[in-house]
Amino acid sequence: MLMASAGFCKTPGDTIRLTLPEVIELARKNSIAAKQAISEKETKYWQWRTFKSNYQPQLSLSGNLPGYSKTSSPIMQPNGSIIFQQIHNDNSSLTMDFSQSITATGGTVYGTTELQRFSDFDRNTVLYNGVPYAVGYSQPLFQYNSLKWDKKIEPLKYKESTQAFIEAQEQIAVTVEGYFFDLLLAQVSLRVAETNLTNTERILRIANTRFELGKTTKNELLQLQLELLNARKSVGVAKRDIEIATLTLRSYMGLDTDSQLALIVPQTISRMEVDAEKVLSEAFANRSDAIAFVRKLAEAKRDVAKAKGQSGLTATLTANLGFSNSARNIGGVYRSPQNQQLLQLQFAIPLLDWGRSKSRTKTALANEQFTEYAVEQDKQTFRQEILTQVTLFNMLKEQISLTAEADSIAGEKYHIARERYVLGNLSITDLSIAFQENDRAKRDYVNALRDFWGAYYQLRYLSLYDFEKKQKITY
């Protein structure tokens, strides 16, 4: 295959000469699509980091510094009357909390330490209250364990995003290859049109001389004049097409220059062998779609577990053990603190929900079944798309050599027809046919190249595998 050079070349007149691999490399570096892919990759990375942090110990410091207040508050008296009491104090506090989630059970181990300082400015008193330390454990019972399911699904999502980034790079190649051949075909059409124009002008001069000598007919002369007009028209159309295709390609590549682009025809064709089973195995190992098949099934199972966890009895068991104390100074808080304990079971049992819990579970089960069918259909479509592309690629490899040979024959036939007409032993009709066959053969060859390279890069996109280097594609 034609490989990318170290950098693109410039010819006199500030024209940039580019190969197909160089155009693809520029697009992968500078195009808006490439920048969007990088931005999406970064977003998914930080989402992954957020997920990972959920399984790490959490330590936080909170407080109320200062807690100053000067106001009046309604106080109810023993006889039921209300008086307003002036309050002037500072109630400051600091709390440090630690927590660690347990993935297997969905519970949480936690610890805390707290210190509170209360200053009554009206009575000039200070009081400290604190929890030197306390530890506890909270365990949901008969409930949905989001930590467990996230640990199954989020790694799939992240892997899916990394493969999607590689796919985005290969999609850029597929897209820019089309723009490359749009411009290349326009440039080839211009060269053919300019050559035809030059040759037609030369032949018309000869025909005028022969007409004056009575050796050609008026009809042949008019036919050549018509060919000349068509040739000039073809030059104009080709120049217009070049301007449009150049603007499109330059814009997509992100090439910030007004230089003309001269594209090099990718003549060298890889003779690599592509085996359908190899492509399928690589596609199912590498593509984000293949990872998505597994993720969708896991998400469907998660939804069933969530629906079941929200139905019937739900409970939370909480146990706490620690110490607390009050004193008139900080040191007193930590001397001989008082033991504190907590054991609590909170539960909820739906006694009458009119079938809501059962309906929620049945809906999740039905969606799981539907997802299994949908994934199986997607797998079949995925497999068929790859097999079709492999068949197309192998067919196009054979078509290239046939089209190249047809182009060579048509060019030689056109040259012979032109010389025979000059010598006067070929009709203008046969010359026109040779013109048309030569034009069509050259365009057919470029279109055959376009189809081949389009199929090649589409195959890379579908499998994320480099068949020349025989390795997985990475970026």
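**Helix packing and strand pairing in the predicted model**

Phe142 is exposed, with a relative accessible area of 57% (buried means under 20% relative accessible area, exposed over 50%, and partly exposed in between, using a 1.4 Å probe and protein chains only). The place of this residue is the loop between β7 (125–141) and α3, where helices (H or I, at least four residues) and strands (E, at least two) are DSSP runs numbered from the N terminus. Phe142 has a positive phi of about 60° although it is not a glycine. The structure is a predicted model, in which local features need pLDDT of at least 70 and side-chain atom pairs count only at pLDDT 80 or more, while totals for chains, interfaces and linings use all residues. Residues are numbered from 1 along each chain as its sequence is written, and side-chain values use heavy atoms, with hydrogens and water left out.

Leu464 sits in the loop between α9 (428–463) and β11 (465–466). At 0% relative accessibility, Leu464 counts as buried.

We can turn next to helix α3 and its partners. Helix α1 (residues 20–30) packs against helix α3 (residues 146–212) at an angle of about 130°, and their axes are 9 Å apart. Here axes are lines fitted to C-alpha atoms, for helices over the stretch in contact, and angles run from 0 to 180 degrees between N-to-C directions. The two helices α1 and α3 are therefore oblique to each other; angles under 35 degrees count as roughly parallel, over 145 as roughly antiparallel, 65 to 115 as roughly perpendicular and the rest as oblique. On the α1 side, Leu20, Val23, Ile24, Ala27 and Arg28 meet Gln169, Glu170, Ile172, Ala173, Val176, Glu177, Phe180 and Phe181 in α3, contact meaning heavy atoms within 4.5 Å. By class, this contact of α1 with α3 has nine nonpolar, one polar and three charged residues (Ala, Val, Leu, Ile, Met, Phe, Trp, Tyr, Cys and Pro count as nonpolar, Asp, Glu, Lys and Arg as charged, and the others, Gly among them, as polar).

Helix α2 (residues 32–53) also packs on α3, at an angle of about 170° and with the axes 10 Å apart. Helices α2 and α3 are therefore roughly antiparallel to each other. From α2 the contact draws on Ala33, Ala34, Ala37, Ile38, Lys41, Lys44, Tyr45, Trp48 and Phe51, and from α3 on residues including Asp150, Lys151, Tyr158, Ser161, Phe165 and Ile172. The residues of this contact of α2 with α3 divide into twelve nonpolar, two polar and five charged. Ser161, found in helix α3, is buried, with a relative accessible area of 11%. The C-alpha atoms of Ser161 and Lys41 are separated by 6.7 Å, although these residues are 120 residues apart along the chain. Gln187 is likewise placed in helix α3 and is buried, with a relative accessible area of 9%. Leaving aside residues up to four places away in sequence, Gln187 touches Ile242, Leu261, Ala262 and Leu263.

The strands can be followed in turn; two strands pair if DSSP finds at least two bridges between them. Strand β3 (residues 58–64) runs antiparallel to strand β5 (residues 82–101), joined by seven bridges, and the bridge partner of Gly63 in β5 is Leu94. Nine bridges join strand β4 (residues 68–76) to β5, again antiparallel, with Met76 partnered by Ile82 in β5. Strands β4 and β5 form a hairpin with five residues between them, and Gly80 in the turn has a positive phi of about 95°. The loop between β3 and β4 holds Pro66, which is joined to Leu65 by a cis peptide bond with omega of about -10°.

Further along, 13 bridges join β5 to strand β6 (residues 108–120) in antiparallel fashion, and the bridge partner of Met96 in β6 is Thr113. The hairpin of β5 and β6 has six residues between the strands, and Gly106 takes a positive phi near 80° there. Strand β6 is in turn joined to β7 by twelve bridges, the two running antiparallel, with Ser119 opposite Val126 in β7. This hairpin of β6 and β7 has four residues between its strands, and Asn124 in the turn has a positive phi of about 55°. Finally, twelve bridges join β7 to strand β9 (residues 314–327), which run antiparallel, and Gly130 stands opposite Asn325 in β9.
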